[in-house]
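Trainee: Please take a close look at one part of this model, the annotated active site. What surrounds the residues there?

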Amino acid sequence: MSANENLIAADIRVILDKQRAACLTQEPWTAEQRCELIDRAIGLLVDYQDEIVQALNDDFGHRSHDFTRLVDVLGPLASLKYTRANIAQWMQPEPRTSDRGEAWVQYQPLGVVGILTAWNFPGNMVFNGLAGALAAGNRVMIKVSEFNPNTSALLQRIVREVYAEDEVAIITGGPDVGQAFCRQPFDHLLFTGASSIGKHVMHAAAENLVPVTLELGGKSPTIISRTADMKAAVSKIIAGKLHNAGQICLAPDYVFVPEEQQEAFVAAVREAVATLYPTLLDNPDYTSVINARHFERLHGYLNEARAAGVELIELNPADEDFDGQPFHKMVPTLLRDPGDQLQVMQDEIFGPLLPFKPYSSFAEVVGYINSRPRPLGLYYFGNDAAEESFVLNRTTSGGVTLNDVLRHGGVETLPFGGVGNSGMGCYHGFDGFRTFSHGKSVFRGVDGPDVMRPPYSAQVRQIVGSMIKR
């Protein structure tokens, strides 16, 4: 590491040491104390909701104010309230059966949890991460994205208003800070972001044997069955895809369409976009791409596909001219059956581009999905119980939503996380509490004969012999 990197790491380590010392010298937080800590987070979301909405709008150039209030304020607020209501129950020892004594699992705080959040939903990720980590009784350090300078600065300022540094700390800075953060000896590390970055995070964490939870996204496939209501399915798919201009880890990444229904699909998409977004450029509900880098990346996908002869279907209901705009809004675009070698079919799109692939047989669809890295989400639209069962039993993904998109990620009673290339581990609700806790095995023996202790008498041999049987 360079001298500057060493200084950054040292500054972060000072906070970590302060939090760890607090963990070791103070009694573990009671249920009441943990609820009070979560109450502070709830207060921040309620009191600063307008500032959060404005900061995210400034960071994106334009971001739907209503969508921000729903996803980055109301969403984590609901999670925090659900967590607060269940902390006391989750903390109870979990009895386990044993024929030799009393056994239970006792959940205790890990210590200091590190969280690295992505730029697309910073409010949601910061406060959702806090919900699970604080519920488990941990101190928390959060590295926020440099792509959201306004939001990151706001979160750092308001968190300092209600939390001591040895309780919760927000860390800001660029990639060098993120790298130094990942190398710290946390007791657990949660990272949300790209699979390519997740590999580096895991490598850095391994230096200190820090356990990790990685939420990495991927290319979430969507299947439209021949039994589906095409118009209803497309309406939900497009609504989910164009939320946040497609900048969602769970966004539908590509769609399978029955080969004979391609034109009906395109027509339904045109109608859905026109209904949801009659205009785009000045529409307050239509969000901009986060920055020039991602804007150029997405246009690069289109340019490559166009050069390869792929049909691009622009969805621009008012036929607006996007040249010279002050932000980075993009025309939503369908790509008809792009080749698998194209980058748009290799990378997680994270934007308002939607490839669709015609299919003839359902087995072909499942075979294609299984030939690619396992996705974070998978979506099936249809009314065929056998097909639905085939999809659920023969594919592996982080989660599934049937006859809709995205929704499983918002259910607090379900674990949220990926599998394989889309991540490892999970959080949200009780699963988040368990992820950020150490489930300690406890056993209390009872008086009586113990066949494990010598001397091994004839009676002991007889007892052991009688137990060794089919």
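Mentor: Leaving aside neighbours within four places in sequence, cysteine 249 is in contact with Asn120, Glu215, Gly217, Gly218, Ser220, Glu348, Phe350, Leu376 and Phe416, contact meaning heavy atoms within 4.5 Å. The model is predicted: local features need pLDDT of at least 70, side-chain atom pairs count only at pLDDT 80 or more, and totals for chains, interfaces and linings use all residues. Residues are numbered from 1 along each chain as its sequence is written, and side-chain values use heavy atoms, with hydrogens and water left out.

Cysteine 249 sits in the loop between helix H9 (230-242) and strand E9 (252-258); helices (H or I, at least four residues) and strands (E, at least two) are DSSP runs numbered from the N terminus. With a relative accessible area of 13%, cysteine 249 is buried, that is, under 20% relative accessible area with a 1.4 Å probe and protein chains only.

Glutamate 215 belongs to strand E7 (residues 212-215) and is also buried, at 3% relative accessibility. Not counting residues up to four places away in sequence, glutamate 215 touches Phe191, Thr192, Gly193, Cys249, Leu376, Phe416 and Ser422.

The "active site" feature at Glu215 and Cys249 comes from an unreviewed UniProt entry; positions follow the numbering used here, feature names are shortened, and annotations may be inferred rather than shown by experiment.

Methods
Buried < 20%, exposed > 50% of the residue type's maximum accessible area, 1.4 Å probe, protein only.
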